[in-house]
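Student: I am new to this structure and would like a close look at a single part of it, with its surroundings. Please take me through it slowly, and show how each detail connects to the next.

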Amino acid sequence: MANRIVDVLMKRDGMSLEEAQALFDEAKEAFDEMLANGEMDSFEMDTFCEDWFGLEPDYMDEFLY
């Protein structure tokens with residue numbers, strides 16, 4: 001199921017749906033691991049989407065919901 005990040009990666013970066021979804025899934029796994037290990041603080045949440053995708057923090061919703 002595509003989300004806003006996957007859509008941006010496809011439109012902006014010319015990725016296929018499969019490539020964009022794979023990158024999102026990899027980032028989601030890293031996010032979940034950081035959260036489980038207590039490494040996800042407010043700073044990390046503000047920079048996570050920028051670090052992974054070059055996107056502003058408002059895309060963080062895709063990981064939280």
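This is a predicted model: local features need pLDDT of at least 70, side-chain atom pairs count only at pLDDT 80 or more; totals for chains, interfaces and linings use all residues.

Tutor: Helices here are DSSP runs of H or I with at least four residues, and they are numbered from the N terminus.

At the N-terminal end, H3 is capped by Asp 41, one of whose side-chain oxygens lies 3.2 Å from the backbone nitrogen of Phe 43. After the helix comes Gly 54, a residue with a positive phi, near 70°.

Trp 52, by contrast, counts as partly exposed at 28% relative accessibility.

The aromatic residues of H3 also relate to one another through their rings. Phe 48 and Trp 52 are four residues apart in the helix, which places them about one helical turn from each other. An α-helix has 3.6 residues a turn, so residues three or four places apart point the same way. Aromatic pairs are described by the distance of the ring centres and the angle of the planes, and the whole structure holds seven of them. In one of these pairs, the ring centres of Phe 48 and Trp 52 lie 6.0 Å apart with their planes at 35°, so this pair is tilted. The rings of Trp 52 and Phe 53 form another tilted pair, with 6.3 Å between the centres and 40° between the planes.

In soluble globular proteins, nonpolar side chains tend to be buried together. The largest nonpolar core in this model has 17 residues, and those with the most contacts inside it are Ile 5, Phe 48, Phe 53, Leu 55 and Phe 63. H1, H2 and H3 are the elements that give two or more residues to this core, and the largest share, five residues, comes from H2. Leu 55 touches Cys 49 and Glu 50, as well as Ile 5, Val 8 and Arg 12, if residues up to four places away in sequence are not counted.

Side chains of opposite charge can pair when their charged atoms come close. Three salt bridges are found in the whole structure. One of them joins Glu 62 and Arg 4, with 3.1 Å from N to O; Glu 62 belongs to helix H4 (residues 61–64) and Arg 4 to helix H1 (residues 4–13), so this bridge ties together parts that are 58 residues apart in sequence. Arg 4 is partly exposed, with a relative accessible area of 36%, and its charged end also sits over the ring of Tyr 59, 4.5 Å from the centre of that ring.

Another bridge pairs Asp 13 with Arg 12 at 2.8 Å from N to O; Asp 13 is partly exposed at 39% relative accessibility, and Arg 12 is partly exposed as well, at 43%. In the bridge between Lys 28 and Asp 32 the N to O distance is 2.9 Å, and these two residues lie in helix H2 (residues 17–36), four residues or about one turn apart. Lys 28 has a relative accessible area of 26% and is partly exposed, and Asp 32, at 35%, is partly exposed too.

Met 10, finally, lets us follow the chain out of H1, the helix in which it lies. This residue is partly exposed at 31% relative accessibility, and it touches Met 15, Ser 16, Leu 17 and Ala 20, leaving aside residues up to four places away in sequence. The C-alpha atoms of Met 10 and Ala 20 are 6.3 Å apart, although ten residues separate them along the chain.

Technical notes
Residues are numbered from 1 along each chain as its sequence is written. Side-chain values use heavy atoms; hydrogens and water are left out. A salt bridge is a side-chain nitrogen of Lys or Arg within 4 Å of a carboxyl oxygen of Asp or Glu. Buried means under 20% relative accessible area, exposed over 50%, partly exposed in between (1.4 Å probe, protein chains only). A polar contact is a pair of N or O atoms within 3.5 Å; within protein, one must be able to donate a hydrogen and the other to accept it, and residues adjacent in sequence count only if both atoms are side-chain atoms. A nonpolar core is a set of buried Ala, Val, Leu, Ile, Met, Phe, Trp, Tyr and Cys residues joined through side-chain atoms within 4.5 Å. Contact means heavy atoms within 4.5 Å. Rings of Phe, Tyr and Trp (its six-membered ring) pair if their centres lie within 6.5 Å; planes under 30 degrees apart count as stacked, over 60 as edge-to-face and the rest as tilted. A charge sits over a ring if NZ of Lys or CZ of Arg is within 6 Å of the ring centre and within 35 degrees of the ring normal.
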